[in-house]
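Please look through the sequence and the three-dimensional model below before reading on.

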Amino acid sequence: MTRDRIISMSISLLLSSSLLAACGGGDSTPAESPTEPEAPTTETVDPPETESSTEAPENATSSGAAGTAISPPQAATLIAQQTEAQINLRSQPTTQSSSPGYGLVGDAVQLLRAAPGEGDLTWYYVKFDESGAEGWIRGDFISTGGDTAGSNLGEHVDAFTTDELFAMGSGGCGMTLWPADQPGSFIFFNGLPSESMWMKLDGTMTEFRRTAASGPEFYGQSATQSFVSNDGQFEVDVTASVGSEKGYESVNIQQGQLILEGVPGGPVNITVVGDAGC
């Protein structure tokens, strides 16, 4: 076989091998199998939040178990010296506990339980009429509107609101008193610096002037004070025992006595508590 014939056969064999490889034959490595497509990811979306009224704190039931039950529950409203105030609802009868919400002046509540708290004040476990929220509120932010059974308020003495007091051009710094068994039902306010005193008698806001003062002094007040109405018809004697600091520039009146003279049927004697300061 000639040299040219051998070269021609070698070229033919090389061409045949290339064609076989191109068609998937021979010993060539097979192409990598395609990757299985991943399952589509489902994105979970939380349900939209719904708008609702203030909810009761999570521990409302256990927290409400403290104190003494008020049976039947008593109707009351929230009060404050500032009409736009937000009144904290507490998880426990203390200002150090968490506040899951708040109420506004004028909100209607039901008093469910009562318990002694810090500052010698009674705290009330309440339920809001509108939202159903429950929690503790300090007694000086609660008014029963003069309807408390067994109150020592007196036949001729009425509770007044801060709005009524402001309408008289009074309010601000001074001493505020309410019956010990009717927290937040204001019956006495002695303002500063005019030293004018106000009470609501037989439905009328009545102004008094201070005529005497003695004993330890605190925030422009004295332990013992006497007042007479501007028309001279009524006289009031007040004694007050100061308790702990209530907050910035204010003290707690932990115990006191108010004696009103000049009303039919003889003097009215009311055990009071309250606060004094600015």
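What follows goes from the strands to the cores, then to the aromatic rings and the links between side chains.

The model is a predicted one, in which local features need pLDDT of at least 70 and side-chain atom pairs count only at pLDDT 80 or more, while totals for chains, interfaces and linings use all residues. Residues are numbered from 1 along each chain as its sequence is written, and side-chain values use heavy atoms, with hydrogens and water left out.

Helices (H or I, at least four residues) and strands (E, at least two) are DSSP runs numbered from the N terminus, and two strands pair if DSSP finds at least two bridges between them. An open sheet of 5 strands has the order E6-E5-E4-E1-E7, and its pairing is antiparallel. Strand E6 (134-138) and strand E7 (142-143) stand at the edges with a single partner strand each, so one side of each has no neighbour in the sheet. Strand E1, residues 68-78, is joined to E7 by 2 bridges, and Leu-78 has Ile-142 as its bridge partner in E7.

Another antiparallel pairing is that of strand E2 (residues 86-89) with strand E3 (residues 101-104), which 4 bridges join; in E3, Gly-103 is the bridge partner of Ile-87. In a regular strand the side chains alternate between the two faces of the sheet.

A nonpolar core is a set of buried Ala, Val, Leu, Ile, Met, Phe, Trp, Tyr and Cys residues joined through side-chain atoms within 4.5 Å. The largest one has 24 residues, and those with the most contacts inside it are Met-175, Phe-188, Met-199, Val-236, Leu-258 and Leu-260. Among the elements that give two or more residues to this core are strand E12 (204-218), strand E14 (235-247) and strand E15 (250-261). Apart from this core lies another, of 16 residues, including Ile-70, Tyr-124, Val-126 and Phe-128.

The structure also holds 4 aromatic pairs, where rings of Phe, Tyr and Trp (its six-membered ring) pair if their centres lie within 6.5 Å, and planes under 30 degrees apart count as stacked, over 60 as edge-to-face and the rest as tilted. The rings of Tyr-125 and Trp-136 have centres 5.4 Å apart and planes at 65°, so this pair is edge-to-face. Tyr-125 lies in strand E5 (residues 122-128) and Trp-136 in strand E6, so the pair ties together parts that are 11 residues apart in sequence. Tyr-125 and Trp-136 are buried.

A search of the whole structure finds 1 salt bridge, meaning a side-chain nitrogen of Lys or Arg within 4 Å of a carboxyl oxygen of Asp or Glu. Lys-200 forms it with Glu-164, and their closest N and O atoms are 2.7 Å apart. The pair links distant parts of the chain, with Lys-200 in strand E11 (residues 196-201) and Glu-164 in helix H3 (residues 162-167), 36 residues apart. Lys-200 is buried, at a relative accessible area of 14%, whereas Glu-164 is partly exposed, at 26%.

There is also 1 disulfide, a pair of cysteine sulfur atoms within 2.5 Å. Cys-173 and Cys-278 form this link, their sulfur atoms 2.1 Å apart.

Methods
Buried < 20%, exposed > 50% of the residue type's maximum accessible area, 1.4 Å probe, protein only.
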